[in-house]
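Hi,

Here is the structure I promised to pass on. Please open it and keep it beside you while you read the notes below.

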Amino acid sequence: MRTTHIALAVLVTAVWGVNFVVIEVGLGHFPPLLFSALRFLAAALPAVFFVGRPKVAWKWVIGVGLMLGVAKFGLLFVGMDQGMPAGLSSLVLQIQAVFTALFAAVALGERPGRVRLLGMAVALAGIAVAAVDEGTSGPLLAFTLVIAAAACWGVSNVLTRKASPPDALNFMVWVSVVPVLPLLGLSLFFEGADADLAALRALDGTGIAVLLYVAWVTTVFGFGAWGFLLRRYPASSVAPFSLLVPVFGMSSAALLLSESVSPLRWCAAALLVGGVALTSLSRTGGPTPPLPTEPAPAEPLPTEPLPDGPVSAEPIPAASASAGPVRVSVAPIPARPAPVANTPTGPLIPESSPTRP
């Protein structure tokens, strides 16, 4: 990769890592479900009027919008509002790579190899260590909600792979439209209209800046730049940069929010990042091949015009060694789907997209 593009990849992961600190600040201004709804509203408008119609079927837009926008971000924001630290959230959320591999094995028939299975075991060990640390220093329910958010992210990744959107930015803008009304409805039901109206009346410059950051900087710029890199380079070259997200997340939380990082949490971080690296970067075995069947009957050889006469209806006899090479008809091999790369704050993006946290 070119130096400028490496710098761009690092910048995107820094933006996504700091995003957890910005979410923590935003939760001081908005109820969590209302905050999530406003985030997607700001990301969708006015961009939806400029990106054109969705380039995939509506069922994929709606499915990813519900799983990613409503379930994943709703659970994440509620978990952080219930006391899950921003730095630890940025780390624990990366367990989505393990959920993605598990769901892909069930839904897509992808067989995880030994290295990937080892990576999943190491990452789960990191989650166990983080749970022990959080259980002694913070609310375990909030920790569980973030784990559930990571699982929903894994489902949305598999749905995105099935959709294979050719334009990542177009897809993300339309996906952002879907969660707005469901999240507003959930906010009115669980958080109450009085709390929502009070938050909107008290909206100040900090609240507006927070909304613009989580909507435009992390979504529009972040996914747009990530998609640009995936169009220019293989997924295996771009995906490893996503492991920097929890590094920036934990570092920015420690610097800006004075979050302490215990030795047990550093141990959990090492295990989780190492396990996610093995899970994300190892190759899958692919779907299980079908059992062999009876060979298809051979097709007759093509016919050619005779030198001085009409087209012959008789098959051309087999050529001898002196008569020149024999033409062989080879059936075209169906192309396999393009590999996908995992994005740390959003769904998988096809590597060969013609046009991504």
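A crossing of two helices is called right-handed if the near helix is turned clockwise from the far one by less than a right angle, and left-handed if the turn is anticlockwise. Keep that in mind. Note too that this is a predicted model.

Now the helix pair. Helix 3 and helix 9 cross in the right-handed sense. On the helix 3 side, the contact is made by Leu66, Gly69 and Val70. Helix 9 brings Pro182, Leu183 and Leu186. The two pack at an angle of about 35°. Their axes lie 9 Å apart.

Next, helix 3 itself. It covers residues 58-81, which is 24 residues. From first C-alpha to last it reaches 32 Å, close to the expected 34 Å. Where does helix 3 bend? The bend is at Gly65, by about 25°. Just after helix 3 comes Gly83, with a positive phi of about 125°.

Then the core. The largest nonpolar core has 85 residues. Phe35, Leu76, Val92, Leu93, Ile95 and Phe143 touch the most other members. Look at Phe35. Leaving out residues up to four places away in sequence, its contacts include Ile23, Leu27, Phe77 and Val214.

Last, Ser164. It sits in the loop between helix 7 and helix 8. Is Ser164 buried, partly exposed or exposed? It counts as partly exposed, because its relative accessible area is 39%, and that class lies between 20% and 50%. The C-alpha atoms of Ser164 and Val56 are 7.8 Å apart, though 108 residues separate them along the chain.

Best wishes

How values were computed: Residues are numbered from 1 along each chain as its sequence is written. This is a predicted model: local features need pLDDT of at least 70, side-chain atom pairs count only at pLDDT 80 or more; totals for chains, interfaces and linings use all residues. Side-chain values use heavy atoms; hydrogens and water are left out. A nonpolar core is a set of buried Ala, Val, Leu, Ile, Met, Phe, Trp, Tyr and Cys residues joined through side-chain atoms within 4.5 Å. Buried means under 20% relative accessible area, exposed over 50%, partly exposed in between (1.4 Å probe, protein chains only). Contact means heavy atoms within 4.5 Å. Helices (H or I, at least four residues) and strands (E, at least two) are DSSP runs, numbered from the N terminus. The expected span of a helix is 1.5 Å times one less than its number of residues. The bend at a residue is the angle between axes fitted to the seven residues ending there and the seven starting there. Axes are lines fitted to C-alpha atoms, for helices over the stretch in contact, and angles run from 0 to 180 degrees between N-to-C directions.
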